[in-house]
Amino acid sequence: GRKPAYSTTPTVGDAGWFHRAGIPSVYFGAGGSLAQAHSVNEFVELDEVLKATKVIALTLLDWCGYAK
């Protein structure tokens with residue numbers, strides 16, 4: 001693992017509405033850079049998709065109380 005990077009972005013999403021209602025939220029997904037996100041040549045490396053999938057799957061298993 002790596003320590004998470006905390007940053008802000010000028011993109012639009014529902015987190016702003018959640019924040020106004022006092023509900024904490026985060027954006028999470030594949031991709032190492034917002035530079036290519038939502039652009040004409042938008043792309044994400046397959047390795048980044050696999051990493052994000054693993055994080056989401058393990059988080060859900062933990063949240064559901066799954067034990068080996």
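The model is predicted, so local features need pLDDT of at least 70 and side-chain atom pairs count only at pLDDT 80 or more, while totals for chains, interfaces and linings use all residues. Residues are numbered from 1 along each chain as its sequence is written, and side-chain values use heavy atoms, with hydrogens and water left out.

Reader: How many salt bridges does the structure hold?
Author: A salt bridge here is a side-chain nitrogen of Lys or Arg within 4 Å of a carboxyl oxygen of Asp or Glu. Asp 47 forms one with Lys 51, where the closest N and O atoms are 3.5 Å apart, and Lys 51 forms one with Glu 48, again with closest N and O atoms 3.5 Å apart. The number of salt bridges in the structure is two.

Reader: Which residues do the salt bridges that share partners join into one network?
Author: Asp 47 and Lys 51 are four residues apart in helix α2 (residues 46–63), and are therefore separated by about one helical turn; helices are DSSP runs of H or I with at least four residues, numbered from the N terminus. Lys 51 and Glu 48 also both lie in helix α2, three residues apart, about one turn of the helix. The network made through shared partners consists of Asp 47, Glu 48 and Lys 51.

Reader: Is Lys 51 buried, partly exposed or exposed, and at what relative accessible area?
Author: Buried means under 20% relative accessible area and exposed over 50%, with partly exposed in between (1.4 Å probe, protein chains only). Asp 47, a salt-bridge partner of Lys 51, counts as partly exposed at 45% relative accessibility. Lys 51 is likewise partly exposed, with a relative accessible area of 40%.

Reader: How far apart in space are Lys 51 and Ala 30, C-alpha to C-alpha?
Author: Lys 51 has its place in helix α2. Along the sequence, Lys 51 and Ala 30 are 21 residues apart. In space, C-alpha to C-alpha, their separation is 7.3 Å.

Reader: What distance separates the end C-alpha atoms of α2?
Author: The expected span of a helix is 1.5 Å times one less than its number of residues. The 18 residues of α2 should therefore span 26 Å. The end C-alpha atoms agree with this expectation, being apart by 26 Å.

Reader: Which residue takes a positive phi just after α2?
Author: The place to look is just after the end of α2, where a phi of about 80 degrees is found. The residue with this positive phi is Gly 65.

Reader: What is the area of the nonpolar surface patch that includes Leu 60 and Trp 63?
Author: Patches are made of residues with over 30% relative accessible area and no salt bridge, like charges being joined within 9 Å and nonpolar side chains (Val, Leu, Ile, Met, Phe, Trp, Tyr) within 5 Å; accessible areas come from the Shrake-Rupley method with a 1.4 Å probe, and for residues only the protein chains shown count as cover. In helix α2, Leu 60 counts as partly exposed at 46% relative accessibility, whereas Trp 63 is exposed, with a relative accessible area of 70%. Together with Val 26, Phe 28, Val 55 and Ile 56, they make a patch of about 700 Å².

Reader: Over the ring of which residue does the charged end of Arg 20 sit?
Author: A charge sits over a ring if NZ of Lys or CZ of Arg is within 6 Å of the ring centre and within 35 degrees of the ring normal. The charged end of Arg 20 is 4.9 Å from the ring centre in question, and that ring belongs to Trp 17.

Terms used:
Helix = DSSP H or I, 4+ residues; strand = E, 2+ residues; numbered from the N terminus.
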